[in-house]
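Please look over the sequence and the structure below, then read on by topic.

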Amino acid sequence: MSKLDRDLLDLSLDKILKYSAGETIDMSGKEVKGKKRNFVETIDLQVALKNYDPKKDKRFSGQFVLPTVPRPRMKVCMLANAKHVEQCKELGLEFKTVDDLKSLNKNKKLIKKLAKRYDAFLASDNIVKMIPRLLGPGLNRAGKFPTMVPSSEDVAPKLKDVRSTIKFQLKKVLCMSVSVGNVTMNKEDIAVNVQLASNFLASLLKKNWQNIKVLYVKSTMGPAQQIYF
């Protein structure tokens with residue numbers, strides 16, 4: 001069950017959307033003039049945990065698919081077989097063939113460059129098996145091992161899932177951030193994404209909401225809005 005105050009969440013999202021549109025918002029009694037940017041700002045959920053020791057407590061990792069894509073322009077590349085190449089062309093999705101991967105010659109610098117160029121990867125099922133031989137551990141180390149797409153399935157639904165997936169992972173610090181929307185989305189869709197992401201995070205924690213110190217929502221260039229104390 002969500003512990004978020006829906007009225008406070010709505011007010012915070014109103015401020016984010018108004019600020020990103022160049023309108024003036026109230027911040028702690030002061031009027032702050034927004035600015036409309038020439039790119040689509042992402043809205044992130046920022047988290048700080050409490051009563052958690054990364055050295056002693058079990059580190060958690062979990063993925064969740066949001067109902068509305070928060071980052072439609074997320075850069076994805078498909079490692080594609082012949083069938084999926086045609087679908088990638090139709091979708092306007094960048095792709096690499098087996099020959100493209102072979103041309104890298106397992107060069108660590110080139111593979112690292114490939115990993116940095118994209119936010120995520122998809123791969124046809126028969127190519128997934130070849131990745132260790134063609135690319136070594138490079139994509140895995142970058143935390144970007146491809147999501148498999150069976151040859152019998154279409155690319156489009158998997159692409160939507162990848163762009164909708166958020167990941168919470170506890171490492172050495174108690175702060176983390178995930179994308180839950182963008183300023184072109186309607187407020188209700190963003191609010192649902194925020195609530196579901198927050199509930200999912202709480203489900204990963206040993207004491208659920210008691211381990212969450214604060215939550216903020218923040219657009220790329222706007223001020224942070226606290227939604228949980």
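At 62% relative accessibility, Lys30 counts as exposed, where exposed means over 50% relative accessible area, buried under 20% and partly exposed in between, with a 1.4 Å probe and protein chains only. The model is a predicted one, in which local features need pLDDT of at least 70 and side-chain atom pairs count only at pLDDT 80 or more, while totals for chains, interfaces and linings use all residues. Residues are numbered from 1 along each chain as its sequence is written, and side-chain values use heavy atoms, with hydrogens and water left out.

**Overall build**

- The protein has nine helices and twelve strands, these being DSSP runs numbered from the N terminus, with helices (H or I) of at least four residues and strands (E) of at least two.
- Along the principal axes, the C-alpha atoms fill a box of roughly 60 × 45 × 35 Å, and 44% of the 229 residues count as buried.
- Lys30 belongs to strand β2 (residues 30-33); from Lys30 to Thr147 there are 117 residues in sequence and 46 Å in space, C-alpha to C-alpha.

**The largest pocket**

- The largest pocket holds about 910 Å³ of space; on a 1 Å grid over the protein atoms alone, a pocket is an open set of points where a 1.4 Å probe fits, with protein on both sides within 12 Å along at least five of seven lines.
- A volume here is the space filled by probe spheres set on the grid points, which are joined across faces, edges and corners.
- Its lining consists of 29 residues, of which Gln63, Gly143, Thr165, Ile166 and Lys167 lie nearest the centre of the pocket, a lining residue being one with an atom within 4 Å of a point.
- The elements giving two or more residues to this lining are β4 (61-65), β7 (120-124), α8 (155-164), β9 (165-169) and β10 (175-182).
- By class, the lining of the largest pocket comprises 15 nonpolar, seven polar and seven charged residues, where Ala, Val, Leu, Ile, Met, Phe, Trp, Tyr, Cys and Pro count as nonpolar, Asp, Glu, Lys and Arg as charged, and the others, Gly among them, as polar.

**The second largest pocket**

- The second largest pocket has a volume of about 220 Å³, and the residues that line it include Lys106, Ile111, Leu135, Pro137 and Arg141.
- Both α4 (108-117) and α7 (138-141) supply at least two residues of this lining, and α4 gives the most, with four residues.
- Five nonpolar, two polar and four charged residues make up the lining of the second largest pocket.

**Aromatic rings**

- The structure holds five aromatic pairs, counted where rings of Phe, Tyr and Trp (its six-membered ring) have centres within 6.5 Å, with planes under 30 degrees apart called stacked, over 60 edge-to-face and the rest tilted.
- Tyr118 and Phe121 form an edge-to-face pair, 5.5 Å centre to centre with 70° between the planes, and both Tyr118 and Phe121 are buried.
- Trp209 and Tyr228 form a tilted pair, 5.1 Å centre to centre with 55° between the planes.
- This pair links distant parts of the chain, 19 residues apart, with Trp209 in the loop between α9 (187-204) and β11 (212-219) and Tyr228 in strand β12 (residues 225-228); Trp209 and Tyr228 are both buried.
- Phe64, Phe168 and Phe200 are joined into a cluster by ring pairs.
- The charged end of Lys206 sits over the ring of Tyr52, 5.4 Å from its centre, a description that requires NZ of Lys or CZ of Arg within 6 Å of the ring centre and within 35 degrees of the ring normal.

**Cysteines**

- A search of the whole structure finds zero disulfides, a disulfide being a pair of cysteine sulfur atoms within 2.5 Å.
- The cysteine sulfur closest to that of Cys77 is in Cys88, and because the distance is 8.0 Å, the two are too far apart for a bond.
- Cys77 is buried, with a relative accessible area of 0%, whereas Cys175 is exposed, with 54%.

**Backbone angles**

- Most residues other than glycine have a negative phi.
- Asn105, although not a glycine, has a positive phi of about 55°; Asn105 is in the loop between α3 (98-102) and α4 and counts as exposed, at 63% relative accessibility.
- Asn208, also not a glycine, has a positive phi of about 50°; Asn208 lies in the loop between α9 and β11 and counts as partly exposed, at 37% relative accessibility.
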